[in-house]
Amino acid sequence: MADPRTVKKRGSKLPPILGPGRIGLRGRRRRTGPARPTRGRAHPPAGTRARQSLMFPPRPAVTLADLIDLEAQLARDRDAPAGALERRDREALREDSRAGGRAELLGRWLAALREREPGLLFPGRTVSRALAGVRLALAALGLALGWGAATALLHYTGEHPVNVWDVLLVLVGVQVLLLLFLLSAFLFPLATLGAPLVGVFREAVGALYPRLARRAAGTARAEEWRALWHRLRSRRSLYHAVEPWLLLGATQTFGVAFNVGALLGCLRLVVFSDIAFAWSTTLVDLDAPRFHALVSALARPWAWLWPDAAPSLALVEATRYSRLEGAYLHAGAGRAADLALVGGWWRFLLAAVATYGLLPRALALAVARLRAARLLARLPLDDAEISRVLARLAGPLVETGAVVPEPALSGALQGPVPAAAPPAGTRCAVVLWRDVPEHPGLAAAIARQVRCEIANVHAAGGREGRDELGARWLAAVDGAEPVVVVAEGFEAPDRAALRLVRDLRAALGPRRHLLVLVAEVREDRVGPAADATVRTWREGLARLEDPYLAVEPLRGAP
Amino acid sequence: MIPAVPRFAVVGRVNKGKSSIVATLAEDDSVRIDARPGTTTEVREFPVRVDGRTLFVLVDTPGFEDAPRALAWLRAREVSAAERPARVAELLRAFEGTSEFVEERRLLAPILAGASVLYVVDGTHPYRPNYDAEMEILRWTGRPGMALVNRIGTEDHAAEWRRALDQHFKIVRDFDAFSVSFEERVHLLQVFRELRPDWRAAVDEAVAALVAQRRRRREEAAALVSSLLVDALTHTEELAVEDEAAIEEQRDRLERSFHDALRAREQEARRRVEALYGHREARFDEGPGLERPVYRQDLFAEEAWKMLGLSPAQLVAAGALAGAAIGGAVDAAVGGASIFAGTVLGGALGGGGALYGVGRRYARVRSIGPPGIPGLLLDVQRYWSGARRFRIGPHAQPNFPWVLLDRALLHYDSVVRRTHARRGAIAVDAGEGARAGIVAEFARGERRALEALFRRLRRDPYDPPRWLADDLERAIARILRRVDPVPGEEPSTGELPGGPAPARGTPAR
């Protein structure tokens, strides 16, 4: 929704009353104050609100085209992942464009998306133009039909005068009936069934303009169009409440044009030819005074304003006609009637068409346009769905996570089939890896499991880092076998652990049994580590491919 | 050298949860977390970007693997305290291109480049003196740092760790990467700002953005849940059957299709909620207590309906069974399992017939036709022609939307509580008490208001008005605000327009 003070209206050169979306009773733009952020619905500034609510429609914060495009975009976004939408909107809208009121922000967002993704379906402008085109066509049709109807009804060849009844019934009676039907739709609305202002003509117009828009936009997206219109017509859409008033406005445009055409047709014949009017009836009781009373009642709305348009009794008496005799009945006037008198019905007929035809239609048109504009201006831009969109637009886009993908890991190694365990009863050496506490039960548990006598105990991997014996391991273990390395389960078989095992292997030779016992050593107990950690140690040491290296959980106390 | 963008290097020994902490803070469940040592082999950066600007960077590093030897090398030459950072830099240069101290050189490089230190230990394993070497090396770098006591196992040795860590780090925090809440994550990030005063603005901005994002995600999740409810409560399927002999088979097929569609819709909603919170690789499963032949509890499982949704008394109070209680007009379009609640409440209310259908979980297929005389004429025509039309849905069982909502809330609760460090399946916790769900703890006014929305949806399944979906979404958003409150937010009272204030603001779990 661009600021109308700074951007010219594009496209339509139609007069405002027939133009798309932007309306005003007199067709002028209403100046409002500077745009202010509004939390809820878009209202005009308070100072002008009272006056506007009475006479002039509020400036619509959302145009019809934007509303339709908004619905189309919301439908597309409904199934998209939230993260993708955030990134798209950040790329589409610059940071300085994300300030402002809700309506303005939505408008800028839609404009940015239209520019960014022109291949998507944004039918708003096309639909607006189609609707304007339909209105124009209906106006032209109405003018033509009205003109034609008046011409037909007032056709006078000189044989029989024009029957006032015919003109009244067609141009006034039928319209009064239609008006009553329209009013009943207001008073007894079908809105409870979700279908306000139903009418065959309106439904026809409602079916026509989307088809025209679809044709204008190309038929490549037929399915998408169908889905969109199904959604727009549903009660879940924002457009749903506005469309009935748009359609009413279109049909009343026809009605206004028809009446204008009829009036112009009448005037043309009255001014540029002579017409004789008469009235006649088969009913005996309907005499001149009674007929005068009837037409006087009809003329009451304008009689005070235009007395000449109220038929006098003399006019009624003078223009009673008999087709059987082919003459006016009054005082033997015959066919040579007073021209000024027999033509005097024209004022009454014009006034009747204007009052009972044109005026109600014009009022209905004004109500429809005002209502549509008001609905557009008061669109619930603070409903949950729109609020989420606005929060996404105005809020920060947060991205976390690694930029570079993680390199692949090699698979776990199986390791060679271990050689047989050393015979029992030997002497074993123990290496406590990384500060394994010298718990009293630890030595016993080792001796029990390995079935050996512990000859010597060493420490490795401590904090000082200076106790790595390297080649001196051979002397340190003093011939004991196996050499048992005790590691706690929560310590991983990392590079330092691998180096220790390699150092031991290098010092002890290829066939000396090495056993890694993975244990859980606490103040109050000594026991096996979890299966998962034992497995981790096995897999970690498998890369050494040492058949004389075994990994087992420490079995602990029986 | 102090980098312009705050950088925090997460360091520690292998398998102490460094990557888990990074995964949790960066909300990245693709970070490899493995029991094998050396899973992290390279330094990886996890920038936290807001609107395209990097506000701070977390650096995941390989773990210390040979710290004592490295420290021994550093100490091999006597240096003053001021020269220690240079000595550490010398270590990196001296062994460049060799296989010595590979991990140590990699993890120290970002620290020497200006990153602050986040030293991670596992507080569920005992402290051992050899860890001092790591802390000492980090102290030699001269960079500000803090220690995080992670929790991987089940034991608690945090106290002994703190005694050691307090001597090396001025800030020591507990941080269980596997179960930390969003609020705790935010608090930790706020502690980061204490490491360097000139980084405070960036960290504060990042925290504010994360909080705003969390709030937005919650609103999106409310939309997903309400959309699920709307679709489920308005879902109908129809079928025309020409062949009289195939009617039963077609009816069964229709019934299966209907319930499968509801299941699929629920699954879709769940996946979208999980993706919303960045859980792309997670699996969420119903708790082990609800055992079924299938691994995941089915939407229409009997146990689920016994434990979730509202109790019969609550359904009556919410008005779900008002019509049934008054006129026995419970929708007979449900069929299936036994009426488990009829005996209980039927006795209490003295009207077991009014609860007909409370325990039934499945919707039933029924014949359709237009109402009134046209319908009769059409039925006559169909009778002679043999063509029949069937419809199933909307699902009219009073407890169905409540069970669906309960499952959605339980799932949501599991999602928001799950950190991105977790791997594998995680049980969806059920609540405690006779009923395992959340909705049973709602205030009466809230239940009644929701029930009114559910009934209106059912009544208008083909074209529900916008305001209805909007009201439902707002109601769900209020509930989610209680499930996942965002730091700095006023606690949701759960008040609904026109409803009384709830008895409790937070559902019991």
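I counted two residues as in contact if their C-beta atoms, placed from the backbone, lie within 7 Å. The model is predicted, and local features need pLDDT of at least 70, side-chain atom pairs count only at pLDDT 80 or more, while totals for chains, interfaces and linings use all residues. Residues are numbered from 1 along each chain as its sequence is written, and chains are lettered from A and ligands numbered from 1 in the order in which they are written.

**Entry 1: the chain contact**

I found 54 residues of chain B and 46 residues of chain A in the contact. On the chain B side, H8(B) gives the largest share, eight residues. By class, I noted 23 nonpolar, seven polar and 24 charged residues on that side of chain B. Here Ala, Val, Leu, Ile, Met, Phe, Trp, Tyr, Cys and Pro count as nonpolar, Asp, Glu, Lys and Arg as charged, and the others, Gly among them, as polar.

**Entry 2: the sheet**

I traced an open, mixed sheet of seven strands in the order E5(A)-E2(B)-E3(B)-E1(B)-E4(B)-E5(B)-E6(B). Two strands pair if DSSP finds at least two bridges between them. The edges are E5 of chain A and E6 (171-174) of chain B, each pairing on one side only. E5 (residues 398-399) of chain A joins E2(B) in the antiparallel sense over two bridges, and Val398(A) stands opposite Val50(B). At E6(B), I found parallel pairing with E5 (residues 145-150) of chain B over four bridges, with Leu148(B) opposite Arg173(B). H8(B) packs on the sheet, touching E5 of chain A together with E2 and E3 of chain B, and its direction makes about 95 degrees with that of E3(B).

**Entry 3: a helix pair**

Axes are lines fitted to C-alpha atoms, for helices over the stretch in contact, and angles run from 0 to 180 degrees between N-to-C directions. How do H9(B) and H15(B) lie relative to each other? The axes of H9 (residues 247-276) and H15 (residues 400-417) of chain B come within 10 Å and cross at roughly 25 degrees. The two helices are therefore roughly parallel, a term for angles under 35 degrees. I listed the contact residues, including Ala269(B) and Val273(B) of H9(B) and Leu404(B) and Ala408(B) of H15(B). By class, this contact has six nonpolar, one polar and three charged residues.

Conventions: Angles under 35 degrees count as roughly parallel, over 145 as roughly antiparallel, 65 to 115 as roughly perpendicular and the rest as oblique.
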